[in-house]
Amino acid sequence: MSPVRSAYIHIPFCRRRCYYCDFPVSVVGDKPPGGSGAQINGSNSGTIAQYVQVLCQEIRQYVSSGELLQTVFFGGGTPSLLSVEQLNQILTALDQQFGIATDAEISMEIDPATFDLAQVKGYKAAGVNRVSLGVQAFQPELLQVAGRSHTVADILMAVDLIQQAGFTNLSLDLISGLPHQTLEQWEESLEQAIALSPTHLSCYDLIVEAGTPFSRQYKLGNTPLPSDEMAAEMYRTAQRLLAANKFEHYEISNYAKPGYQCQHNRVYWKNRPFYGFGMGATSYLYGERFARPRKTWEYYEWVKQEGRREKAVGEDERVRSQTRVGKPALDLLDTLMLGLRLAEGLDMAWLIEQFGEEAIARLWKCLQPYLQDGLVAIVPAPKDDQLPTSSHLRLTDPEGFLLSNVVLTTIFEEFE
Ligand SMILES: C[S@@+](CC[C@H](N)C(=O)[O-])C[C@H]1O[C@@H](n2cnc3c(N)ncnc32)[C@H](O)[C@@H]1O
Ligand code: SF4
């Protein structure tokens, strides 16, 4: 089994639920008028404190693989609803259980208008060295359409506080394809984001998730949602504008200045194992993905039961010693689905070593039409039509990335 060096921590609280979001979150209410992030924490301190206690219990129930953590990611929800003390409690539990490398990347997703300067300075002092701010758009009307609980002024204030606190690694999240969003507004959002000098940008194309207010309100392909062609144009615009501003398009939805790719997310795309802790979080250990319950009380109950089971029978140890033997149980389709998201693609020699020449020759054959029409590339290009063993297989940017689902569907049909 590959060493486990990454941990995802889910903080499932939000002031309100955005109309497009289906992440496992529990709504704790808007901030009191004129209040600061600290007050929000204060007004929900009971709920959040109880969650942190259970989360730390879950962390302490794990057996370390003996490796220090190189990446820790606090995702949400809104991790900036944690007080500095609560964040420290979680980091202490992780450090005691696994050890956190001194040069580890520690990321935290934060939302505008949920923190003040003292709080964000406290996060930095606790060890957080990368923050990802949920911006989504720079137009008040689009923030409203999306159900965001902050204003454009809050975004600018948040970036100012983050920079005053001394963070040098800042990522911003934007969404394209929002209802009523025009190409000009999207371009304006990209330009405003670039002007704030982030080191990283995530540009997500809106997914209308089942069960969200968006899914009840809007129909795919119909106005006010953009057409497929408009959504593709927004994607190309991001790629062009960000490349012109020296951002590497290193993953389908992610752009970074040189040296600032998100190391934690690279673990996912490389299909490497990671711990996942907290309500609704997924872990990937011993070749298996495991999702925790998405409801608070069910998660609390699960942590209690899981603790008893582990202590009683040591079952985890047994599973561990069995799966340590032999190669990691890598799954070809998962590996392709995740690895082709990265601009660097996948090393053919490594694919052959992991999955055998026969499977990769089949893959090579089914990709021929896409190699010919330029959606897939092989770098460097092979000299003959033999299976190239010393090249990287990748989707082209932007057209291959845009049609990644078409390419992947062909691959899935071939292997399933
Ligand atoms: C899980 S959220 C957590 C971050 C933070 N709570 C926030 O919203 O600002 C991470 C990012 O996922 C993106 N996201 C969430 N739901 C989405 C959807 N349905 N379609 C596209 N992007 C989405 C948003 O850009 C968001 O910033
Ligand atoms: S703040 Fe982030 S996690 Fe919370 S509901 Fe909105 S998009 Fe989802």
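In strand E16 (residues 392-395), Leu393 is the bridge partner of Leu346. E14 and E16 pair in the antiparallel sense over 2 bridges. Strands pair if DSSP finds at least two bridges between them. Helices (H or I, at least four residues) and strands (E, at least two) are DSSP runs, numbered from the N terminus.

This is a predicted model, in which local features need pLDDT of at least 70, side-chain atom pairs count only at pLDDT 80 or more, and totals for chains, interfaces and linings use all residues. Residues are numbered from 1 along each chain as its sequence is written, chains are lettered from A and ligands numbered from 1 in the order in which they are written, and side-chain values use heavy atoms, with hydrogens and water left out.

E14 and E16 belong to an open sheet of 3 strands. The order is E14-E16-E15, and the pairing is antiparallel. E14 and strand E15 (376-379) stand at the edges with a single partner strand each, so one side of each has no neighbour in the sheet.

The loop between E15 and E16 holds Pro380. A cis peptide bond joins Val379 to Pro380, with omega about -10°. Most peptide bonds are trans. Thr396 lies in the loop between E16 and helix H17 (399-402). Thr396 is buried, with a relative accessible area of 16%. Buried means under 20% relative accessible area, exposed over 50%, and partly exposed in between (1.4 Å probe, protein chains only). Leaving aside neighbours within four places in sequence, Thr396 is in contact (heavy atoms within 4.5 Å) with Gly374, Leu375, Val376, Ala377 and Phe401.

## The nine-stranded sheet

A second open sheet has 9 strands, in the order E9-E10-E8-E7-E6-E5-E4-E1-E11. Its pairing is mixed. E9 and strand E11 (275-277) are the edge strands, each with a single partner, so one side of each is left without a neighbour in the sheet. The twist averages 20° from one strand to the next. Axes are lines fitted to C-alpha atoms, for helices over the stretch in contact, and angles run from 0 to 180 degrees between N-to-C directions.

Strand E7 (residues 170-176) and strand E8 (residues 200-205) run parallel, with 6 bridges. Ser176 has Asp205 in E8 as its bridge partner. Strand E9 (residues 248-251) and strand E10 (residues 254-256) run antiparallel, joined by 3 bridges. A hairpin of 2 residues links E9 to E10. His249 has Tyr255 in E10 as its bridge partner.

## Positive phi in two loops

Most residues other than glycine have a negative phi. His180 has phi near 70°. His180 sits in the loop between E7 and helix H7 (183-195) and is partly exposed, at 48% relative accessible area. Lys246 has phi near 65°. Lys246 sits in the loop between helix H9 (228-244) and E9 and is exposed, at 64% relative accessibility.

## Cores and buried residues

The largest nonpolar core has 87 residues. Such a core is a set of buried Ala, Val, Leu, Ile, Met, Phe, Trp, Tyr and Cys residues joined through side-chain atoms within 4.5 Å. Ile9, Phe74, Ile90, Leu94, Leu133 and Phe277 have the most contacts inside this core. Helix H2 (residues 45-60) gives the most to this core, with 7 residues. A second, separate core of 29 residues includes Leu340, Leu346, Leu367 and Ile378.

Ile90 is in helix H3 (residues 84-97) and is buried, at 0% relative accessible area. Not counting residues up to four places away in sequence, Ile90 touches Ile9, Ile11, Val52, Leu55, Cys56, Ile59, Phe74 and Leu82. Ile90 and Ile9 are 81 residues apart along the chain, with C-alpha atoms separated by 8.9 Å. Glu58, in helix H2, is also buried, at 1% relative accessibility. Beyond its neighbours within four places in sequence, Glu58 has contacts that include Phe277, Arg292 and Trp302.

Helix H13 (residues 332-339) has 6 of its 8 residues buried, so the helix is largely enclosed by the rest of the structure. Its cover includes helix H10 (263-269), helix H15 (357-366) and helix H18 (404-415).

## Around ligand 2

Residues around ligand 2 (a heavy atom within 4 Å) include Cys14, Arg16, Gly76, Gly77, Asp111 and Arg148. A cis peptide bond joins Gly76 and Gly77, with omega about 10°. Gly77 is in the loop between strand E4 (69-76) and H3.
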